[in-house]
Structure formats: structure tokens, C-alpha cells
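Open the model in your viewer and keep the selection tool at hand. The stops below go from one selection to the next.

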Amino acid sequence: MGTSKRGKNRVALVTVAGRRFSCLVCGQREFTSREILLNTPGLELLDLAWANRSSLGVICMACGYVHEFVGNAVEFWTTAGGYPENAT
Ligand SMILES: [Zn+2]
């Protein structure tokens, strides 16, 4: 959370748990995002109630592949500003 979320819903660079993220399909590094609602009943049984029944879709701008994440590990960075210095 915080200022790193400013790039949400625009084209942005992505880190996941502090690591630079690239598309699993085509390898490029610019993404947009949207919230994905999880309508699956019984999430509590899977110990995913903390996810508030939604996940984050990180969408590759080049090929359109949707990488889906639950939790707070994904952060967005402006393409102009680049990755944070501590990203690996
Ligand atoms: Zn891609």
C-alpha cells in the first residue's frame, strides 16, 4: 500500500515481494492492472478469507496475459521513475 500504488490502472512496472516482475509468457515488463472479484464460496475453508474475496490481475501490455495475485506483495512503479533501488 502507499505511494507505490499510484501507478495502478495505468501502464506501470511491477515488483512482487521486492523482485522485478516480468511477464511469464513474453518476458516484457510493462503492465496494467485490475481488481478481480473472487466469487468462490468457502474461501474461508481454504484459509484465504484475508484476501477479502478479491485478487489483483496484473495484465501484460504486450501479450495480454493476466497474472493473478492475492495479498499485498505486488507493487506498481511508474515507467518514468523505474524500479526502486532495492528491487532485485
Ligand atoms: Zn506478455
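Select Ala 12, Leu 13, Val 14, Phe 21, Cys 23, Phe 31, Leu 56, Val 58, Cys 60, Val 74 and Phe 76: these 11 residues form the largest nonpolar core. Such a core is a set of buried Ala, Val, Leu, Ile, Met, Phe, Trp, Tyr and Cys residues joined through C-beta atoms within 7 Å. A residue is buried if 20 or more other C-beta atoms lie within 10 Å of its own, exposed if 12 or fewer, and partly exposed in between, with C-beta atoms placed from the backbone. β1 (12-16), β4 (54-60) and β6 (74-78) are the elements that give two or more residues to this core. Strands are DSSP runs (E, at least two residues), numbered from the N terminus.

This is a predicted model: local features need pLDDT of at least 70, side-chain atom pairs count only at pLDDT 80 or more, and totals for chains, interfaces and linings use all residues. Numbering starts from 1 along each chain as its sequence is written.

Next, select Cys 23. Beyond its neighbours within four places in sequence, Cys 23 is in contact (C-beta atoms, placed from the backbone, within 7 Å) with Gln 28, Cys 60, Ala 62, Cys 63 and Tyr 65.

Move to Ile 59 in strand β4. Is Ile 59 buried or partly exposed? Ile 59 is partly exposed, because 15 other C-beta atoms lie within 10 Å. Val 11 is 48 residues away from Ile 59 in sequence, and 9.4 Å away in space, C-alpha to C-alpha.

Finish at β1, which runs antiparallel to β6, with 5 bridges joining them. Thr 15 has Glu 75 as its bridge partner in β6.

Definitions and conventions
Helix = DSSP H or I, 4+ residues; strand = E, 2+ residues; numbered from the N terminus. Contact = placed C-beta atoms within 7 Å. Pairing = 2+ DSSP bridges.
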